[in-house]
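Dear colleague,

Please find the structure below. My notes follow it.

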Amino acid sequence: MNEAATKITELKTALYSFHVEHGGKMVPFAGYQMPVQYPEGIVKEHQHVRNAAGIFDVSHMGQFSIYGTELDYLPLEKIVPIDLKSLKLNQSKYSVLMNKEGGIDDDLIVTKVEGGLNIVLNAACKHHDVSRIHEVIDAGKTKLHDDLSLIALQGPKAVEILNGLIPGVQDLVFMNGASFKFKGTDIYVTRSGYTGEDGFEVSIHNSLAEEFCKTLLNNNNVKMIGLGARDSLRLEAGLCLYGHDLDNKTSPIEASLSWALSKKNKEEGNFLGSEVVGEQIKNGVSKKRVGIKPEKIIAREGSKIFKDNKEIGVVTSGGFGPSVGGPVAMGYVLKEFSNEGESLELEVRGKRHGAVVYKMPFYKKSYVK
Amino acid sequence: MADKKYSKKHEWVELDGDIATIGITKHATEQLGDIVFTEVPDAGKAFEAGGEAAVVESVKAASDVYSPISGEVTENNQAIVSDPSLVNQDPEGNGWFFKVKVTNADQINELMTKDEYDKFLTESA
């Protein structure tokens, strides 16, 4: 795509002007103009989220609803292998959208709400996901909400700050949500996030998004955080980024995401791609996603991984972890080299550098359970 | 010591006799953001003008640093290896990358003056 075409097609979230006013450096991301950082820079933003609280505009992500009863939404299990019957009201589950080859078309979070399901989809995948979901769910009973913003408040101080504004959110446990009011309007808050910190994600009407952020920013412990720090935070937490650590040719078993498929679905083998997944569970996989801690050098996406001069894998995410104080990475290696502590070599700028397979997260999380 | 000269790839050169000190410009550091890793060339390594000489990495990405002038490395700055943030703090001073013994001092004339570089930045913005 040429630059001119990119500019025409790039969308803006309801907070676009707000980001610009706060000095956000706007970059194209998944078809949107999003802030990659603010004037203080990625490292300070990253540390602020680890120490206090930060606001992330994640409104580019797809907020999708399926309306109806169990009868209407149960067919979703054919493509998203979670046990929807045992999912409790207001409970969220992380899972994946499967394709027939056993690959992952997206990773997503499903929440059971009054009157159906809410699903949060990756921005770059959302339209494809919706058409995939419509293969199993009546399109007339679904909606991709373009009237809603999604705002995350993450960090150890998030609970105290958000509870001051929205009393009651402190009672939510991790991966659970509930409806609340802001300025008399319904919002839906879940205790969840993508940083390895305690925090919340707030689904709120576009017209209130800016006022909500402004109110939060009245607290000195709150800062705006860009996509750059979002990436370093999630990498330290060992969380996958779709399109990098996961893709439509990689199975959830290879991706070390077996836990994201329900036991029931795995046993029954009743979902798309389950023959591939079932075979891999039974006979093992040839490659596996692991955490990798380079000794010194930063190895980025695409760096080749070697063991005794044999190429055994590739880095899918890598960078500097500000809280770790050094480089961190994840990638895929041949199964026999995937054990914790295995020493590896990473090729960066034509030279090999030492690294070890590391049990993620790189940075210890503090979710409230 | 002569005034600093600047390259289109955002390096600066300061020539003192036949020894040139090379670093990256303040503008470059502002574009890169927080610098978290640097790799500097060993003494004895020789470069042609425009050759890849060092590496600078921010949280976001790795970038090459080119030598704007031909020569052989006489010294590198270990201070920016142990504390890469020094490049952000003082890019055109203590955050220098390496020094070369130049083979052709006339090459410095092909680089931009401070005013020319500032104009170049405005025009390419």
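Subject notes: domains, chain contact and one glycine

Chain A is assigned domain 1 (1–238) and domain 2 (258–358); such bounds come from an automatic or database domain assignment. This is a predicted model, in which local features need pLDDT of at least 70 and side-chain atom pairs count only at pLDDT 80 or more, while totals for chains, interfaces and linings use all residues. Residues are numbered from 1 along each chain as its sequence is written, with chains lettered from A and ligands numbered from 1 in the order in which they are written.

The C-alpha centres of domain 1 and domain 2 of chain A lie 26 Å apart. Their contact (C-beta atoms, placed from the backbone, within 7 Å) takes 23 residues from domain 1 of chain A and 20 residues from domain 2 of chain A. On the domain 1 side, H3, strand S6 (92–98) and H8 of chain A each give two or more residues. Helices (H or I, at least four residues) and strands (E, at least two) are DSSP runs, numbered from the N terminus.

Between the chains, 11 residues of chain A are in contact with 9 residues of chain B. Helix H3 (42–51), helix H8 (227–236) and strand S17 (310–321) of chain A each give two or more residues to the chain A side.

In chain B, B:Gly33 sits in the loop between helix H1 (26–32) and strand S4 (35–39). B:Gly33 is buried because 20 other C-beta atoms lie within 10 Å (the cut-off is 20 or more within 10 Å, C-beta atoms being placed from the backbone). Leaving out residues up to four places away in sequence, B:Gly33 touches A:Gln37, A:Gly41, A:Ile42, B:Ser58, B:Val59 and B:Lys60.

Regards

Note on methods
A residue is buried if 20 or more other C-beta atoms lie within 10 Å of its own, exposed if 12 or fewer, and partly exposed in between; C-beta atoms are placed from the backbone. Two residues are in contact if their C-beta atoms, placed from the backbone, lie within 7 Å.
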